[in-house]
Amino acid sequence: MAYADLTTVQATDPGDPLTAAWCDQVRDNDEFFIDPPACSVDGLGSPQSVADSTLVVLSAPNEKFDNDSMHSTSSNTSRITAQTAGRYLIGATVNWQQILENNVPLLLNIIRNGGGAGDAFNIAQLPAINRSGFTTAMSGALTLVLAAGDYVEARVRQDNSLNVAINCTLEEFYAIFLTRG
Amino acid sequence: MDDLDALGAQYREAKAAIATHRQRQATKELALARLRRRLPEDHPDVSAARAAVVKAHADVRWCQGATIAAGEAYKGVTLDQVPHDRNVVPDPIDVIARMGAR
């Protein structure tokens, strides 16, 4: 359950007992500290086709954990939504299938609320290398202040000279509450 | 605002309502404690204050159940699935069951 400032439950005055309501909120606050809002999702088993020179938001149909109803498996599965305002650690790992030429630039972004101006963050970028039997994994993370209701998504792009689509799997996408914003 | 946003807002409102109802419960508990200092346990005012505390506590528990139900609705779980999917917090689940998981 949610954290609440204890003085909003009961203003402690000398001579007054501490109420059961106050004690219950202490317990809920302790639970919040040991188990803060955290969500991790993935697209394992569902690689997505990423067309050449196109930004693609990755879906995440599977949940590893979600203790604050931050992710839906039935609607807008690409989103992790902050139900509690604060500063979050947000990161993603993706894995590209073998790429059939060298030096294909790959991008991994985190975007907030659809990724408009000021809301798109490049967290990883590298040139792919063509090696038989090798995929290309990339990871990145950042911290962001999210208001209640703000959502984040993982987005990728690749630019290859063959103009072909490349499959990309979202191995993990997470948001973990760090502090009050 | 799409459906998911609306469900998220509902979940956040339910969570916030827990603290509001806890504040009301604390007020009722303090009133009962003050009455007990000057009146016997069987005094009608004390009995009424005790009943108000019990009601206020039940309201908090109801909000906790509603929060779980709203959170599960956000995640795409229907209300009648909730009592079956979770068996670790019996009281709120009982409340959810009474709310409409028929």
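The exercises below cover an interface and the nonpolar cores.

This is a predicted model, in which local features need pLDDT of at least 70, side-chain atom pairs count only at pLDDT 80 or more, and totals for chains, interfaces and linings use all residues. Residues are numbered from 1 along each chain as its sequence is written, chains are lettered from A and ligands numbered from 1 in the order in which they are written, and side-chain values use heavy atoms, with hydrogens and water left out.

**Exercise 1.** Describe the interface of chain A and chain B.

Step 1. Start with the contact (heavy atoms within 4.5 Å): chain A gives 33 residues and chain B gives 27 residues.

Step 2. Next, take the buried area (accessible area, 1.4 Å probe, lost on putting two parts together, summed over both). The two chains bury about 2,300 Å², with 49% of it on carbon and sulfur atoms. On the chain A side, A:Met1, A:Ser69 and A:Gln83 lose the most area, together 24% of what that side buries.

Step 3. Now count salt bridges (a side-chain nitrogen of Lys or Arg within 4 Å of a carboxyl oxygen of Asp or Glu): there are 6 between chain A and chain B. One of them pairs B:Arg22 with A:Asp28, their closest N and O atoms lying 2.9 Å apart.

**Exercise 2.** Which residues have the most contacts inside the largest nonpolar core?

Step 1. Such a core is a set of buried (under 20% relative accessible area, 1.4 Å probe, protein chains only) Ala, Val, Leu, Ile, Met, Phe, Trp, Tyr and Cys residues joined through side-chain atoms within 4.5 Å.

Step 2. The largest has 36 residues, and A:Ile90, A:Val94, A:Trp96, A:Ile110, A:Val156 and A:Phe173 have the most contacts inside it.

Key: Buried means under 20% relative accessible area, exposed over 50%, partly exposed in between (1.4 Å probe, protein chains only).
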